[in-house]
2 protein chains.
Amino acid sequence: MARSKKSEWIEVFAPATVANCGPAFDTIGFSLDTLGDCLEARLVDKPGVHIAEITGTKGLSTDPTKNTAGIAAQETLKLAKSLSQGVEIRLHKQIPQGSGLGSSAASAVAGAYAVNILLGEPLSQEELLEPCLAAECAVSGYFADNVAPALLGGFVLIQNLKPLRLVRLPVPDKLIVTAVTPDYVLLTREARAVLPEKILLKQAVRQWANIGALVAALHQNDLKLLGEAMEDFIIEPVRAPLIPGFDRMKQAALAAGALGCAISGAGPTAFAITDDLTKAEKIAQRMQAGFAQVSLKSQAHIGRVSTQGARCLRGKNR
Amino acid sequence: MARSKKSEWIEVFAPATVANCGPAFDTIGFSLDTLGDCLEARLVDKPGVHIAEITGTKGLSTDPTKNTAGIAAQETLKLAKSLSQGVEIRLHKQIPQGSGLGSSAASAVAGAYAVNILLGEPLSQEELLEPCLAAECAVSGYFADNVAPALLGGFVLIQNLKPLRLVRLPVPDKLIVTAVTPDYVLLTREARAVLPEKILLKQAVRQWANIGALVAALHQNDLKLLGEAMEDFIIEPVRAPLIPGFDRMKQAALAAGALGCAISGAGPTAFAITDDLTKAEKIAQRMQAGFAQVSLKSQAHIGRVSTQGARCLRGKNR
């Protein structure tokens, strides 16, 4: 009888991400440092991907073809030409689903990253993007501004989607992000439905001026400019009305000293930036109070931008 | 009898500029280092602006209200609260008019810059932008991506027009620009008439991804990325057909090793970028040969990007 191939459990972490950063719809995303999904994995005898357990959420099936962790794990086995291998997974969700914080992307990245480690890292970080994108595509749509920063860390610009071309952008020293997630269900398809098919060239020019300024601000370590450049002339005006209390919450954030405030991903999470931890706490309170005015509970997360992305917490690659 | 206020002549230079840099329509411009307009000026007794001479072109009136040098000079006197002063000007045009190389902007900048020196520099560089913009607006339209780099030098991003907010961007070390101007009249109003009022959001996203990449490339000193990011999905497809031979000329530039090639301003000048002077000469030849195929003579200019902008060649401030 063959010796069992069961390996030790390893554990990986993949961060939450903010996509559609300010004006940079479908273009720039960044990763948070402390909020993210954890995933344990080990090699087992039985080929394929097996999800033993999902904690932290009730909405996900353990069918590996029906969640991004499972799909990305399977796609990674395939890309690494290791379909005869078996992987068992325990997924620990910490990012609320449908929050606009890249929950599905983080699970995808965690699945792909863990499998690659178990296989002895046959794939590079850049190669791992492909299985992550395939998983994201299966549940959300083909976009990369969550999976790329979740995997690579920092700010990432998606210059081109097919073929994928990324540009990594620097993270300003003092940047602190306050993300506030109201207890409100905003369906991605609803957030997509309000997008205009066409936009005025005049507005597009204002938008791309701000995107240029935003990228300059990251390189020039200029948080004041970053905040100004976060103004979105095209997407926020049509999506903000889908988030109860957004406008007053944003005003409250700015009044509390936030340098900029915008929708995270497709929402309903909003995020604000500042350069000071004490201010960040005050901003979080005011943002939560803003949502409370429309009777919404919310969760606040204050943190820096992770420059690391996915990482191993326990096991081989630590 | 009052003593004559005639001063010594001073002479200033204001560079030609490339606006609408690649995808950055109305947003990013840069200045060339050796091509530009020269302007001599001195204080005289008779209040107001007097244009004694214009050389290098036949199309400009010496009526100071009818060319940008005169208008900008007058607006500078006004802004500096010096309307009782008299200024005499000799303008030496070196930038062909209507070429897409910021000819009117260079004359405006030269006029404003010279008057400010004659007055003892009461106005800052940033303050001088206002009279330049007023002059540009009177003849071309209210945009700043020629006057700002002509005055300040380097790459300049127009983050906002009213109120004017600029972001200065770094110039990559090895960047060499080849600008080729065909002997062909392309009216700005014709180039404006083909612009779409609305564009697809999908295309706008591709465009702003490239603008973000272009700004990143400048900061990261990455000329390959700069060349890739110069692709324009929105304006070039509608304007290139107005320039005879543009597509073949561009292909020839790229085949000769250009890292990118695009329309300068509203055209008909095309510019290409490279990191090597020998290649730049070959690129210039091929671009000129491209225009020759449609029986157009052309002028080539090879140079670096000026980081200085307007400067004094002779006189007080040298």
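**Notebook: sheet and helices of chain B**

I looked up strand β7 (residues 176-182) of chain B first, and found that β7(B) pairs with strand β10 (residues 270-274) of chain B in the antiparallel sense over 5 bridges; two strands pair if DSSP finds at least two bridges between them, and strands (E, at least two residues) and helices (H or I, at least four) are DSSP runs numbered from the N terminus. In this pair, I noted Thr178(B) opposite Ala272(B) of β10(B).

I must keep in mind that this is a predicted model, in which local features need pLDDT of at least 70, side-chain atom pairs count only at pLDDT 80 or more, and totals for chains, interfaces and linings use all residues. Residues are numbered from 1 along each chain as its sequence is written, while chains are lettered from A and ligands numbered from 1 in the order in which they are written.

Next I followed the open sheet of 4 strands, whose order is β9-β10-β7-β11 (chain B), with antiparallel pairing. Because β9 (260-263) and β11 (298-303) of chain B stand at the edges with a single partner strand each, one side of each is left without a neighbour in the sheet.

I then checked which helices lie on these strands. Helix α9 (residues 246-255) of chain B lies across β9 and β10 of chain B, at about 10 degrees to β10(B), and helix α10 (residues 277-293) of chain B lies across β7, β10 and β11 of chain B, at about 15 degrees to β7(B). Here axes are lines fitted to C-alpha atoms, for helices over the stretch in contact, with angles from 0 to 180 degrees between N-to-C directions, and two residues are in contact if their C-beta atoms, placed from the backbone, lie within 7 Å.
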